[in-house]
Amino acid sequence: MTVSAFPAAPTGQRRKALLQLAILSLLVVALSVPLSPSEVIGAGPGMKLALIGRMALLAAVATWMLRSAGKRWSDVGLRAPRRWWIVGVAVVAGYLVLGGAAALLQILVLPRLGLAGPDLAAFAGLRGDLPEYLFWALPVAFGSAAFGEELVARGFLTDRIATLMGGAAPGGGVLFAAVLLQGVLFGACHAYQGLGGALVTAVVGMVLGLVWLWTGRNLWACIFLHGLVDFVSMTAFYTGAVGGPA
């Protein structure tokens, strides 16, 4: 795993990171409730545009916050990888790990915790509905979910959490801890899937964060992997097979 050193953060930067995390978290909550999948699936073009616009707004706010902290998106991973073949390897390996982790959670862990699996009933409306499926499988899966969520979650959140935690630590401990914490926040954003679904999605977020670390804190493997997972999931709903979005 490639883990780069993370510069130590002065107290002022840590306070700014905390404020930015709080603001973005509140914004996510405020925008998530009225634009949950259950509200958007089957709705008209206005709601669908609002769903795409929500992620665009979150990315715009995150962009402004990063710039106020003296950073750019390239600093948190939106840059060309040194070797594109590593991205391909990371996507394949990450997909296999995600599939195995999700299966283990739903077969072994969730039942022992007395939790049901992810509640994905909202996506039942995709079955056999080609226009609805195409919207969720293309602009949502590869756009607002893959590109937007990876910018905000793996890029912005991980950087701000690591800064809040103080920066550098032996062995990249701060970055690793930040990856775990952003996964928890990512899972919380999927609370509409129930507690079991939030737990599964938290693990998905952690795995995506580890892919980000393994590829040298680069977002492209995460973006492609996230898009692939959601595309397969939406296709599974459309065809009536088992599946769910990340």
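Trainee: Why is the pair Arg-154 and Glu-150 called a salt bridge?

Mentor: The rule asks for a side-chain nitrogen of Lys or Arg within 4 Å of a carboxyl oxygen of Asp or Glu. The side chains of Arg-154 and Glu-150 meet at 2.6 Å, N to O, so the pair meets the rule. This is a predicted model: local features need pLDDT of at least 70 and side-chain atom pairs count only at pLDDT 80 or more, while totals for chains, interfaces and linings use all residues. Residues are numbered from 1 along each chain as its sequence is written, and side-chain values use heavy atoms, with hydrogens and water left out.

Trainee: How do you know that Arg-154 and Glu-150 are separated by about one helical turn?

Mentor: They are four residues apart in helix H5, which means about one helical turn. Helices here are DSSP runs (H or I, at least four residues; strands are E, at least two), numbered from the N terminus.

Trainee: What makes Arg-154 count as buried?

Mentor: Buried means under 20% relative accessible area, exposed over 50%, and partly exposed in between (1.4 Å probe, protein chains only). Arg-154 has 0% relative accessibility, so it counts as buried. Glu-150 is also at 0%, with the conclusion that it is buried.

Trainee: How many salt bridges does the count come to?

Mentor: Four, by the same rule. One of them joins the side chains of Lys-48 and Glu-132 at 3.1 Å, N to O. Lys-48 is in helix H3 and Glu-132 in helix H5, 84 residues apart. Both Lys-48 and Glu-132 are buried.

Trainee: Is Ser-144 buried or exposed?

Mentor: Ser-144 is at 10% relative accessibility, so it counts as buried. It lies in helix H5, residues 130-164. Taking contact as heavy atoms within 4.5 Å, and not counting residues up to four places away in sequence, Ser-144 touches Ile-52, Met-55, Pro-139 and Glu-149.

Trainee: Is Ala-80 buried or exposed?

Mentor: Ala-80 is exposed, because its relative accessible area is 59%. The residue lies in the loop between H3 and H4. Leaving aside neighbours within four places in sequence, Ala-80 is in contact with Asn-218 and Trp-220.

Trainee: What makes a set of residues a nonpolar core?

Mentor: The members are buried Ala, Val, Leu, Ile, Met, Phe, Trp, Tyr and Cys residues, joined through side-chain atoms within 4.5 Å. The largest such core has 41 residues, and those with the most contacts inside it are Leu-24, Leu-58, Trp-73, Phe-156, Trp-212 and Leu-225. Helix H5 gives the largest share of this core, eight residues. Apart from it lies another core of 14 residues, among them Val-40, Phe-123, Tyr-133 and Met-234. In soluble globular proteins, nonpolar side chains tend to be buried together.

Trainee: Which residues make the nonpolar surface patch?

Mentor: Val-92, Tyr-95, Leu-96, Leu-228 and Val-232 make a patch of about 420 Å². Patch residues need over 30% relative accessible area and no salt bridge; like charges are joined within 9 Å, and nonpolar side chains (Val, Leu, Ile, Met, Phe, Trp, Tyr) within 5 Å. Areas come from the Shrake-Rupley method with a 1.4 Å probe, and for residues only the protein chains shown count as cover. Val-232, in helix H8, is at 34% relative accessibility and so counts as partly exposed. The largest share of the patch, three residues, comes from H4.

Trainee: How do you know that the radius of gyration agrees with a compact globule?

Mentor: The radius is taken over C-alpha atoms, and the globule rule is 2.2 Å times the number of residues to the power 0.38. With 246 residues the rule gives a value near 18 Å, and the chain has 18 Å, so the two agree. The C-alpha trace spans about 55 × 40 × 40 Å along its principal axes. The chain has eight helices and zero strands, and buried residues make up 46% of its 246 residues.
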